Amino acid sequence: MTSLEAERLAIAALGYLAEDQERVGAFLASAGAAPGDLRERAADPAFLGFVLDHLLMADASVIEFAANAGIAPEMVARARAALPGGDTPDWT
């Protein structure tokens, strides 16, 4: 997955979070952001990575978003890996 494709998926995930007051409220609290910040911060690939990190915290959220977006749930993790900070550390 390219970084551009990953950014597009993360923007779709941000839109998914914003569709529901409870989901967006939890996201804003964890991000330490205000609703007015979202449009500007959506242009930052690192912030988009955080959007996907937030979504990936719960399998149910990933599955629901993936169904809503018409994608395989695995695509969320692939997109996260393509954004800044998404590389998997080598523990060996």
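Visitor: At what angle do helix α1 (residues 3–18) and α2 pack?

Guide: This is a predicted model. Two packed helices are described by the angle between their axes and the distance between the axes. For α1 and α2 the axes lie 6 Å apart, and the packing angle is about 115°.

Visitor: How many nonpolar, polar and charged residues make up the contact of α1 with α2?

Guide: From α1 come Leu 14, Tyr 16, Leu 17 and Ala 18, and these meet Arg 23, Val 24 and Phe 27 in α2. The residues of this contact divide into one charged, no polar and six nonpolar.

Visitor: Over the face of which residue does Arg 23 lie?

Guide: Arg 23 belongs to the α2 side of the contact between α1 and α2. Arg 23 is placed 3.8 Å from a ring centre, over the face of Tyr 16.

Visitor: How many aromatic pairs are there?

Guide: Rings of Phe, Tyr and Trp pair if their centres lie within 6.5 Å. By this rule the count is three.

Visitor: Is the pair of Phe 27 and Phe 47 stacked, edge-to-face or tilted?

Guide: A pair of aromatic rings is described by the distance of the centres and the angle of the planes. The ring centres of Phe 27 and Phe 47 are 5.8 Å apart. Planes over 60 degrees apart count as edge-to-face. The planes of Phe 27 and Phe 47 stand at 70°, so the pair is edge-to-face.

Visitor: How many residues apart are Phe 27 and Phe 47?

Guide: Phe 27 is in helix α2 (residues 21–31), while Phe 47 is in helix α4 (residues 45–56). The pair therefore links distant parts of the chain, and the two residues are 20 residues apart.

Visitor: Is Phe 47 buried or exposed?

Guide: Buried means under 20% relative accessible area. Phe 27, with a relative accessible area of 0%, is buried. Phe 47 has 4% relative accessibility, so Phe 47 counts as buried.

Visitor: Is the pair of Phe 27 and Phe 50 stacked, edge-to-face or tilted?

Guide: The ring centres of Phe 27 and Phe 50 lie 5.8 Å apart. Planes under 30 degrees apart count as stacked, over 60 as edge-to-face and the rest as tilted. The angle between the planes of Phe 27 and Phe 50 is 45°, so this pair is tilted.

Visitor: Which residues do the ring pairs link into a cluster?

Guide: Phe 27 lies in helix α2 and Phe 50 in helix α4, so their pair ties together parts that are 23 residues apart in sequence. Phe 50 has a relative accessible area of 29%, so Phe 50 is partly exposed. The cluster linked by ring pairs consists of Phe 27, Phe 47 and Phe 50.

Visitor: Which residues does His 54 touch, not counting residues up to four places away in sequence?

Guide: His 54 lies in helix α4. Its relative accessible area is 14%, so His 54 is buried. Not counting residues up to four places away in sequence, His 54 touches Leu 17, Ala 26, Phe 27 and Ser 30.

Visitor: How far is the backbone oxygen of Pro 84 from a polar atom of the side chain of Arg 80?

Guide: Arg 80 is found in helix α6. With a relative accessible area of 9%, Arg 80 is buried. Leaving aside neighbours within four places in sequence, its contacts include Leu 52 and Asp 53. The distance from a polar atom of the Arg 80 side chain to the backbone oxygen of Pro 84 is 3.0 Å.

Notes:
Residues are numbered from 1 along each chain as its sequence is written. This is a predicted model: local features need pLDDT of at least 70, side-chain atom pairs count only at pLDDT 80 or more; totals for chains, interfaces and linings use all residues. Side-chain values use heavy atoms; hydrogens and water are left out. Rings of Phe, Tyr and Trp (its six-membered ring) pair if their centres lie within 6.5 Å; planes under 30 degrees apart count as stacked, over 60 as edge-to-face and the rest as tilted. Helices (H or I, at least four residues) and strands (E, at least two) are DSSP runs, numbered from the N terminus. Buried means under 20% relative accessible area, exposed over 50%, partly exposed in between (1.4 Å probe, protein chains only). A charge sits over a ring if NZ of Lys or CZ of Arg is within 6 Å of the ring centre and within 35 degrees of the ring normal. Contact means heavy atoms within 4.5 Å. Axes are lines fitted to C-alpha atoms, for helices over the stretch in contact, and angles run from 0 to 180 degrees between N-to-C directions. Ala, Val, Leu, Ile, Met, Phe, Trp, Tyr, Cys and Pro count as nonpolar, Asp, Glu, Lys and Arg as charged, and the others, Gly among them, as polar. A polar contact is a pair of N or O atoms within 3.5 Å; within protein, one must be able to donate a hydrogen and the other to accept it, and residues adjacent in sequence count only if both atoms are side-chain atoms.
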